[in-house]
Amino acid sequence: MNFEFSEEQTMLRDSVARFIQDNYDFDTRRTIAESANAINSNYWQTFAELGWLSLPFDEAYGGFSGNAVDTMLLMEEFGKGLVLEPFLATVILFGGMLQKSGDAALQEQWIPKIIDGSCQGALAATERQSRYEFTDIATTAKPDGDSYVLNGEKVVVLNGFNADQLIVSARTAGEQSDSRGISLFLLAADSAGVERLGYRMMDGQLVANLVFKNVSVPASQLLGELHGGYGLLKSTLLDAKLALSAEAVGVMEALNAKTLEYTKTRKQFGVPIGSFQALQHRMVDTFMACEQTRSLLYRAVCAVTDQKEEAEAEVHALAVMVARAGKLIGSEATQLHGGMGLTDELDVTHYAKRLMMINATFGNGDYHQAKFNALRYSA
Amino acid sequence: MDTSFSAEDIAFRDEVRSFFAEAYDDELRARLATPATFKDALIEWQKRLFKKGWIAPGWPPEFGGTGWNATQKFIYETERSAAAVQDVLPFGLQMVGPVIYTFGTDEQKQRFLPRILASEDWWCQGYSEPDSGSDLASLKTRAVLDGDHYVVNGAKIWTTYAQYADWIFCLVRTSTEGKKQQGISFLLIDMRSPGIKVNPIVSIDGKHSLNEVEFNDVRVPVANRIGEQDQGWTYAKALLAHERTAIAAVADTQRKLREVRQFATIEVNAGERLIDNPMFQKRLSDIEIELMALEFTELRVLASVASGGAPGAESSLLKIKGTELQQAVQELRMDIAAHYQGLLPSELSSEQIGHSFANDARLDYMYGRAATIYGGSNEIQKNIIAKAVLGL
């Protein structure tokens, strides 16, 4: 039993932390968020050069063969800097699904390009009516000779505006919310018949709605089994929630540190406001919430790394805790900063918004609690 | 104990209802919702209310109030909220107006009150300073007497709509002797005075309603001082309790909760309507039950004010609970927006994006964070209850 990181892992964490320290101050981050593509392409190349984009991939394709602990360390540091570059979308969602699919031809074609930074990806899985239920799919793929024809729409697709390649979930059989009958297709984002509508979210992300009108995709682009995409989708989205939770812990830690510092320096009634016991207790509550979340994060990461049976429930539990602690920490940071906590200028506001958006990505607290309850109490 | 409405009350309710239906038309709604036309539209709405004689329900009839009893005021506010009718700007009508008719000279009353009632002047409030938030009495903006003028230097912050204002009412320091609450004076300052500079602050919702207002050797006639020099804190305090009562906004929260309930009947997750989901129902009823209680707490305060009492420390209770519930409803609405949560305005239509209220939910939620901070933060309200009610 130990909670220490290997030398390699410590080096990875320090390297990410150093990059953010040197290149990701808040003004720079704001400039990136407001730019046309809401990412810095030079930084993305740097990520590639530093080997971060190779993290979870097999050595056979030039990857680092890292595990969930490595991803966690990187995401946590990204959280501290509110990094906007599409690691989650490209490496965890697009690349992760590719890796799990076992499709050697597509892996060979795309993983090296993810690793060298020349291919950005996106997973197009959510629809306007779907909320957090990824099985709710109205987009269809109909066989047509050696191809499939895609029709439908995906919404709020992370990195959907910038991505070069997409993986799209579509219904090939069954009813709208059935888990059976989901198939996954890999296609170029600029394929004929794909329309992209980009828009921005409050945490600085540029997302997109993707409209598919009679988009022809060769059968060789089918990822995994026909009708059998459910397992791949579910496990990739759990990985994403785990990675997002690690990012959330980084955000929480940064936010608590900033709020604590403020309560020590802001003076009212002639003393630092941190000297008031009522506020001290609240700072203790936010501190404990962050530590508890970190504990569940480690627990879930270990379960996933060891491929334990209970891993799924543990990720759901973590997501519930991230929602709860994130709400507490975000709102206390805003409240304790008083009027300053309401300005767009202060970074605190943006950390709080990111925590909200993490909660709203791939299932909020209520959604994951219902899944946890079903696994634990209904089965 | 009798909380039922009389026949006269019902008749009054119907009159209010039909007036809103007629006077607050769709065209006005659209203009109020557009930043570029907001100011003019709001002034126009206030002028319609003035013409009807309903602009200042809280004022004594001799100064232009309606003479309504507590029940009528409650009915008016409930109907206003239910019809989603924008409340009047509080700064002139609910804040400085009552201070002027209570503590001002006859000349001040004649000069300012008619223009406030007719919405000829747009007022803003100059209380908070960069270093004086919850500890308002520590304010440092100085006013030094120079003949028949004060010379004002300093800065006010979080000043809502200062960019539109004709006048600002300010707390300024005229003496540093004695307790910090002493030595504060209440001044009415023309925003066109030389030496005033308004700096915009972009808030958490990405919009501009807040400002910093700088004063550099601004000359203010002594005749614009309310009451005695150094006694401004007393006048301001009387006003704060009214502000807190208004902030509770119980009826508005009830309307928003009804909207949330309506949205939840439309949103479907995996074949189940959100409103049928037990976890969602619990969150909804947790809020609704608190709100049912707060509605009656507010009625009790209104009734006590009507029978001669002033809203005192119990207004702090209204403010704390009222703002907590506002935020709870805003959060629920964000949750209903689900994966669309956090959407910013764009050139795309709601039909293209696939969602109708996510941007409104975000604006409401984000700016709603201010409610537990302004008007004296909720932490300060708890101090007031501890001291004034519990004797701690």
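Which residues does F185(A) touch, not counting residues up to four places away in sequence? The partners of F185(A) are A141(A), Y148(A), L150(A), I167(A), V168(A), A170(A), V217(A), Q221(A), L222(A) and L223(A). Contact here requires C-beta atoms, placed from the backbone, to lie within 7 Å.

The model is predicted: local features need pLDDT of at least 70, side-chain atom pairs count only at pLDDT 80 or more, and totals for chains, interfaces and linings use all residues. Residues are numbered from 1 along each chain as its sequence is written, while chains are lettered from A and ligands numbered from 1 in the order in which they are written.

F185(A) and I167(A) touch the most other members of the largest nonpolar core, which holds 159 residues. Such a core is a set of buried Ala, Val, Leu, Ile, Met, Phe, Trp, Tyr and Cys residues joined through C-beta atoms within 7 Å. A residue is buried if 20 or more other C-beta atoms lie within 10 Å of its own, exposed if 12 or fewer, and partly exposed in between, with C-beta atoms placed from the backbone. Helix α7 (residues 230-265) of chain A gives the most to this core, 17 residues. Helices (H or I, at least four residues) and strands (E, at least two) are DSSP runs, numbered from the N terminus. Another core, of 50 residues, lies apart from the largest one. Its members include F169(B), L171(B), I184(B) and Y235(B). In soluble globular proteins, nonpolar side chains tend to be buried together.

Strand β4 (residues 167-173) of chain B is largely enclosed by the rest of the structure, because 7 of its 7 residues are buried. Both faces are covered. W167(B), F169(B), L171(B) and R173(B) lie on one side of β4(B), and I168(B), C170(B) and V172(B) on the other. β4(B) pairs with strand β1 (residues 123-126) of chain B in the parallel sense, over 4 bridges. Pairing requires at least two DSSP bridges between the strands. β4(B) also pairs with strand β5 (residues 184-190) of chain B, in the antiparallel sense and over 7 bridges. W167(B) stands opposite W123(B), and its bridge partner in β5(B) is D190(B).

Chain B is divided into domain 1 (7-103), domain 2 (123-232) and domain 3 (248-389). These bounds come from an automatic or database domain assignment. The C-alpha centres of domains 1 and 2 of chain B lie 28 Å apart. Their contact takes 8 residues from domain 1 and 8 residues from domain 2. On the domain 1 side, helix α5 (residues 90-103) of chain B supplies the largest share, 7 residues. By class, that side has 6 nonpolar, 1 polar and 1 charged residues. Ala, Val, Leu, Ile, Met, Phe, Trp, Tyr, Cys and Pro count as nonpolar, Asp, Glu, Lys and Arg as charged, and the others, Gly among them, as polar.

Between the chains, 37 residues of chain A are in contact with 38 residues of chain B. On the chain A side, α10 (347-359) gives the largest share, 4 residues. The residues of this side divide into 14 nonpolar, 13 polar and 10 charged.

Helix α8 (residues 250-266) of chain B has 17 residues.

Terms used. Contact = placed C-beta atoms within 7 Å. Expected span 1.5 Å × (residues − 1).
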